[in-house]
Structure formats: C-alpha cells, structure tokens
Amino acid sequence: MAISSATKAATDALEVNRAPVSVGAQEVHKWLQSFTWDFDKNRTKYSTKYHMANDTKEQFKLIAKEYARMESVKDERQFGSLQDVLTRVDAANRVHPKWNESMKVISNFLEVGEYNAIAATGMLWDSATAPEQKNGYLGQVLDEIRHTNQCGYINYYFAKQGQDAAGHNDARRTRAIGPLWKGMKRVFSDGFISGDAVECSINLQLVGEACFTNPLIVAVTEWASANGDEMTPTVFLSIETDELRHMANGYQTVVSIANDEAASKYLNTDLNNAFWTQQKYFTPVLGMMFEYGSHFKVEPWVKTWNRWVYEDWGGIWIGRLGKYGVESPASLRDAKKDAYWAHHDLFMIAYALWPTGFFRLTLPTAEEAEWYEANYPGWYDMYGKVYEEWRARGCEDPNSGFLPLQWFIENNHPIYIDRVSQVPFCPSYSKGASTLRVLELNGKKHSFSDQWGERMWLSEPERYECQNIFEQYEGRELSEVIAEGHGVRSDGFTLIAQPHTSKDGRLWTLDDIKKIGCVFADPLKSL
Amino acid sequence: MSIVVSGGRRGLTDPKIAAVILAAIPDQPLETQRKMNYFVTPRGKRVNEYETLCCYTQPTPDWIPGGLDWGDWTQKFHGGRPSWSNESTEMHSTDWHRHRDPAFRWHALYVKDKAEEWRYTDRFLKAYSADGHVRSIDPVWRDEVLGDYLGAFGFSEYGLFNSHSSATRDCLGDTLRMSIAMIGLDKVDNAQMIQMERTFLAKLVPGFDESTAAPKKEWTQGSIYKGARETVEEIWQGTYDWNEILFSGHMIYDPLFGQFVRREFFLRLSAYYGDNLTPFFINQMQLYHSQTKGITKDMFHTCLAVDENFGDYNVSLMNMWSDKWLPRTVNALKDFMGIFAKIPSIAGVTDKAAIEAALGRVFEDWKRDYADPIGYKVDTAALIKTVLSGLK
Ligand SMILES: [Fe+2]
Ligand SMILES: [Fe+2]
C-alpha cells in the first residue's frame, strides 16, 4: 500500500472507530520465534550430545512485562500476609520448636537449589536454539531468583520474629560444616549445573522439579501447618505456582530432543542416573526432616513417597513421556526400598554428628517411638533401643561427656561417605540397602554405598573427586572445626547445634565438646 | 493428645495442637542476634533487605575469592571441568560477592517496577489510540523508519539479551548473577517493546506491516546495521569470558551504539516527524539503560577497578578490552550513518552538523562515564570523524 493512502486509511479508520486500543502479551509473543537469526558462530557454549530442535515451542507464552505483572501480583499477596496478619498474631512464636529447627535446614537448602537453578536455566537458555524455548528457560531464570529470595525470606522472618534465630540468621555461613551439606550440593547445586546441558535439565526439571518438588514443597506445607507454621505454606505455595512452568520446560526439553538419534541412545541412561542422583539424597533427607523434625505427624514418609514419587512421577508423568521413548528408571525399584528405612538410618548418623549442624535435633519421644513402631514395624529393635541407651548415657546433657558418635566407635560401626552422592552411611548398622564398596584409583580410596553411584563413578571418576568431611577434617578436633565454621551463637561459645529442643535442657558450649576430645578420622584409611 | 494430625488441622488455629506447641516454646528467645546475614559487609551503613536476601546465596568454596564454602565440587562437567571456576574470566577479584545493584533490587522490587511499567504502557496505548495521535506521524518515518529500522534495531537488543545467558551461568557471585539476569531481561523487554509498537501501529494504520520479515532482512542483509550485527554476534556467541561479554556489551557497545540509536536517533528525531509514540517506548529503554549502567559501573568501576589486590591489573585488562571493542562499535556507528540518507531531511536536525553534535554528546558522555574512570585515553573527535565518514 502506498504511504499516503495508508495515512488516509488510518485517518478514515479513526473517524469510524475511536475505541481505545492496546497490545496484549500474546500479540507480541507470537513474533518471538522470529527474533533470532542464523550466523556462523550461533551455537551453544555448553556442549550436549543431544540436538535441541530449532522450532521448539513453549507452553506458557509470556513476555517480560507480563511475567513481571504476574509475579508481582503473587508477591503482593504473599508478602502482604507475612508482614500483616502473621506478624500481628506472632505466628513465628507459635511454631513447634522442632519444626523451627527443621526450617533452618529446609529453607536454606532449598534456597541453594533455587539459586543453582538460576545458573542451570541460564545454561539451558544458552543451549536452546528456538527463541520460544529460550524464553521458557528465561522465565525460569527469573523465577529461580524469586525463589532464592523467598527461601531467604523464610529464614529472615524466622530469625527476626521467632524463638531461636541462631541458624536462621547465619545458615549461609555455617551450613557447610555438617554431614548433610555436601550431598545437598550434589543434588541441588552441581547436579543442576555441571554436565551435558540436557542431562542437567533432566536432573533439574524432569526429576528435581517434576518428581521431588511435590514432596518437598507441597508436603512440607502440610507438615509445617500441622506444627503451627503458617509462614512456610504462605511462601512455598507461592513458589509452587511457578513450578508448573518449570515442569513444562522439562517436558519441552524432552520434546525438543525426541527426534534426535542421540535420544534413543542416551536419554534413558541419563534419566536413570538423574533419578538415582536426586533420590539418593532426597528420599532419606526429606523423610528425616518430616518425621524426625516435627512433633505432629501428617503421614508416614513411605506413603508420601509411594504416592508422589512411585505412582505419580514414575507412573503418570514418565508415562506421558512414553511416546518419546522415555522409560521408568531401572533404579526406581531400589529407590522404593530406600524409601522405607533410609531416612531412619540417616537420622541416626545425623544425630550422632549433631554438633556439626546449624540446627537443634531431638531424639524421638516415647509417643513418637510408638508411632514409628506402628508405621515401620521393627523400628524399635533397630533404632528405638539405641536411642534409649544414648539418652540413658546423657547424650542431651552437656555434663555427660557423651556424644552418640562414640557409640558407633565403641561398637565398631564405622560411618563412611558415598563418594558420588556424598551421603553418609553405616554399612554395619543400617536397615536400608546400603552396602560398602571400596575402590581405589591412583592410590586414593573411594567408598560407595550402592551400585548405581558406583557405576557412575566407574565410567567417569573425574566427575566425582570431591573430598568428604572425614577427609577434610581428618586429625582435627571437633570443637575446633565447629569454631572455624562459625557454628556458635552470638555469645561466642554456645553451639548453634544442640541435641535437644527441650526448653529446660541445658545448652552445650564449645568447651563441653572440647572436653570430650573427639578427633576426626578417615575411615577409609583404616581399611 | 495424639501426635497424629489428620484432616488438615492446623497448629496455629487448632486449640489442642496450639496448646502443646505453646507449652514447648522457650520462655525467652534462645538467640539475641536476630539480624539475618549480620556477618555481611554492607554497602551502606547497615545490611539492607537486598543484602539479606541475596548475599552468600551462592555456595562457592573459598578458593573462588569471597566464597564461604570449602572443598571441591561434588559433580563436574564431563572431563572434569569444575562447576564454577576462576578460569571463566580473565578478571581477578579479591571477593566476587562485593557487587551491589545500586538500586538494591531483589526480585520482588524488580518485578514490581516492571509490572507498573506494563500497566502504564497499556493505559498509555489506549489513550494514544483514542486520541488519534497516529495521524500526525510522517508516513516515511512511520513505514520505513519505524517499520524497518526500528524493527531491525530490535535484533540488536535481542542479540544483546542472549549474551546474558552464559554470563548468568558462569559468573562467580550471587549478586552478580541476579543483576546479570535482570539486565538481560530488560534487553529482551526492549526487543519486545519494539515489536509491541509495530503491532500497535499495525492495529491503527491499515496496511502497516507488523511482520518481522522486513526488519530481519534489514538486520541480516542490509548495510545500515552490518557493523552492529557483526559486533552483537561476537558479543553474544564469539566471547566466552563472562566479564568480557558484560564489558563489551554494556561498557562499550551499548553506551555508544545503543545510546546513539535510541537517544540521538529515535528519541531526538521522532518529535520532528510527528511521532509521539516512539518516545514512550524509548524512554522506558532509557530507564533500563540507566539502571543497567548503575549495575555494570558498579561491577567494573566500583568493584573490579579498585580491587585492593587486582585493581591495576583489572584496569589494564579493561583498557585492552576497550581497544578491542571500541573500533567495532565505531564501525557499527559508521554503518548506521547510512540511515540519514533514508529519511526526509530537516535542516538543523538531520544535517551533518546536527549529527555531529549528537555524536559529540554520546561520545563525551561515554568518555566521562566509562573511559575516564579506567584512564582509557580516547580521541573522541577522531572517532566522531570516522563515524561521520559513513554519511552518504
Ligand atoms: Fe524454583
Ligand atoms: Fe523451579
């Protein structure tokens, strides 16, 4: 159309219709796929053995401004509730002390996952070629910043308003001391960002988000509210509203590589490895946090696990991907066995190493012991009896000079750490499936607790070289390690970690630990 | 009472559960230090909310300077490359956690601003269209300049946007990572606003082509954006060092080429062609530019250039990078001069003297704000002369 006639047409059009006109997000988004162009160097900086298709679409078609509007509406509601009604009813001081402690770990460790997901989805934004697919990942980059800030906000809120700020106020500095940290980094940090980009997407989106996000984020809100905590549901349910888009991103990742030949060769192996990687840590740690970190119980972890991990994810979600050649991971059956006992085994070790935490742990009470025995028959003979012995020896009392770790040493039950998952295990005293495997490479010994991790290490040992806490602390005295890792409260000598949450119980200090003279040893050295 | 809670009963509101909880809570809080992240070195007098929520969220070991963690990575890339590593950049820092967004925006504050801009954009477009402003736009300016050349500039913004992906992945600090993702999002927002304006025009002006085909052809095959395109491709995909990506994009290319195109071409000229629409969008881009400028100047000038151990080294590296990226940017501007042959001329506005004055403003601003702080010696008159040689 000639220019002058276009102007005339515009003028004419206005005479007929002066209705206000705007532009919707979708009207902009529909052009997005054409925003890129071809050039020589246009390829990702992160290699992947898969090829992500150039025409991959996204399901949630957001533009930058619409994204901001949507999130900001959710923020208003969420921060509004926290700052207004929950503060007025003093909600942070109406949370059961055990749960107050659990949130030190849950919120901070989830924060690490959220934080690393920023980098992970940055990598995927780089790897994808289709602008829509890039856009889906970009939305997630921003979401994960949001979630990082939200998780931080929980600790910030509990520190400011709650009953025990220590650990909430400095988790980012003290979290690295204890036995749960390195394993958390494997699943939540390095597993998301270091590897083939698609493998990382599978870890983050297909397994981390689609499989474990439900137990982690949704189940945690149920346990929280049962134990008096309304802050966590307020924040976590708001986080969860973004997760649908992230699961869709994971789904699109698979769709984008489905026609690639590499997918038929590698996808199921990568999925199996990713599933085992994630479950190896989450299955025991989540179960432990819920059951041992609460007073009021919602349901046995094994039930939650079966419903969400085994049936919903392993069955329905993976089933939906069946048409792309995706199969249920072979390791799912072994994981199912772990879901019964692994968290009980892990709590025993975590409690034995309580001084290295940034939270207070509590031994099960008599009524809890009953609940455990009813839901996990055989629990008392294996664990309950030992806890009674520990309690009788004064494990909660600073004057006793007794750390449960001594019980493991006295009874010759060495605690090892799995090189690949970094999860501690005690092969001679566990009901879970852990078995000790030791391999040597270049004069260095490595312990493993299962065949799946061992296989990963055997094919690529250079990916799993990280030293564990026993190697790191070998020869050092416990109180020294704690002091160096800032594991003390603001008085400078009382530990953040404690072996009880009783309001009448005495608090342990660095001196109480020092008196015991506990020195770290590397169990692999004595093999 | 039983410890089993069923039916969604809540500890805060169920009187029996609440009684058990209250009985277990200590009479006095166990800890007096209630300030989260109290150990962070604040930028201002005390640790603010942004610093509380963002600082040290990144779990890097202490061999990446500033990290609070210890040891190795628990999983590495195939072949053993580490998750994050000092080798990812030639810059050195004593502490990669020092950077602050000068506006202290964490996620909620960032999206709140952008959400307001979106709502206002929607209202503005409605008022603009109902008011019939569109009749006053010069047809050549509208159909060729906005249709093709503004559209083509969207690709520059989109390419720069994508240069932030690997920087978001690879950078070594948490406040850095959040800032990089946010200034990246602003760039794709710019590209989308350009398309939004074109789609809006297509709704008001029958026959106006909103498709991206012609702008893309102009961007990929035309002469006006040739130098720009080659530079953007090199920033986006030719460069691996995340600091160099940020430096080339935000300390050289955008403050010179981006500023000239946005501020001195589209923003300054649009009013002369009866276009009051484009300034609405460009002004938002200029807001983002100034916020980004605050962020990247903080990264390079406030933190890296004055680092107590590596400041001198970093400054000399910034000078070398300037040597590398400045000629390409000048060349991009030189190519862009071809656009003045495409628009109806207006004396005192589009003639050589006016263009030279506009270039003078951009280069002087750049010299003052970007070159001088790192002691980069630059002959702006000579650079402007080179650019002007591109006038047809
Ligand atoms: Fe998230
Ligand atoms: Fe997510």
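Helices (H or I, at least four residues) are DSSP runs numbered from the N terminus.

**Ground rules.** I'm working on a predicted model, where local features need pLDDT of at least 70, side-chain atom pairs count only at pLDDT 80 or more, and totals for chains, interfaces and linings use all residues. Residues are numbered from 1 along each chain as its sequence is written, chains are lettered from A and ligands numbered from 1 in the order in which they are written, and side-chain values use heavy atoms, leaving out hydrogens and water.

**Entry 1: helix H1 of chain B.** I looked up residues 15-24 and found B:Ile17, B:Ala18, B:Ile21 and B:Ala24 buried. Down the axis of H1(B), these fall within an arc of 125 degrees, so they line one face of the helix; the arc is taken from the directions from the helix axis to the C-beta atoms. An α-helix has 3.6 residues a turn, so residues three or four places apart point the same way. On the face turned away from the buried side I found B:Pro15, B:Lys16 and B:Ala23 exposed. The cover over the buried residues includes helix H4 (97-127) and helix H8 (197-226) of chain A. At the start of H1(B), I noted a side-chain oxygen of B:Asp14 within 3.0 Å of the backbone nitrogen of B:Lys16.

**Entry 2: the iron site.** The iron ion (ligand 1) is 2.8 Å from ligand 2, and A:Glu144 coordinates both. A:Glu209 sits in helix H8 and A:Glu243 in helix H9 (residues 231-257) of chain A, so the pair ties together parts 34 residues apart in sequence. I also checked burial: A:Glu209 is buried at 4%, and A:Glu243 is buried at 2%.

**Entry 3: A:Thr148.** I placed A:Thr148 in helix H5 (residues 131-161) of chain A, buried at 0% relative accessible area. A polar atom of its side chain lies 2.6 Å from the backbone oxygen of A:Glu144. Leaving out residues up to four places away in sequence, A:Thr148 touches (heavy atoms within 4.5 Å) residues including A:Glu111, A:Tyr115, B:Thr57 and B:Met178.

Conventions. Helices (H or I, at least four residues) and strands (E, at least two) are DSSP runs, numbered from the N terminus. Buried means under 20% relative accessible area, exposed over 50%, partly exposed in between (1.4 Å probe, protein chains only). A polar contact is a pair of N or O atoms within 3.5 Å; within protein, one must be able to donate a hydrogen and the other to accept it, and residues adjacent in sequence count only if both atoms are side-chain atoms. Donors are N, O and S atoms within 2.8 Å of the metal (3.2 Å for Na, K and Ca); water is not among the atoms, so sites may look incomplete.
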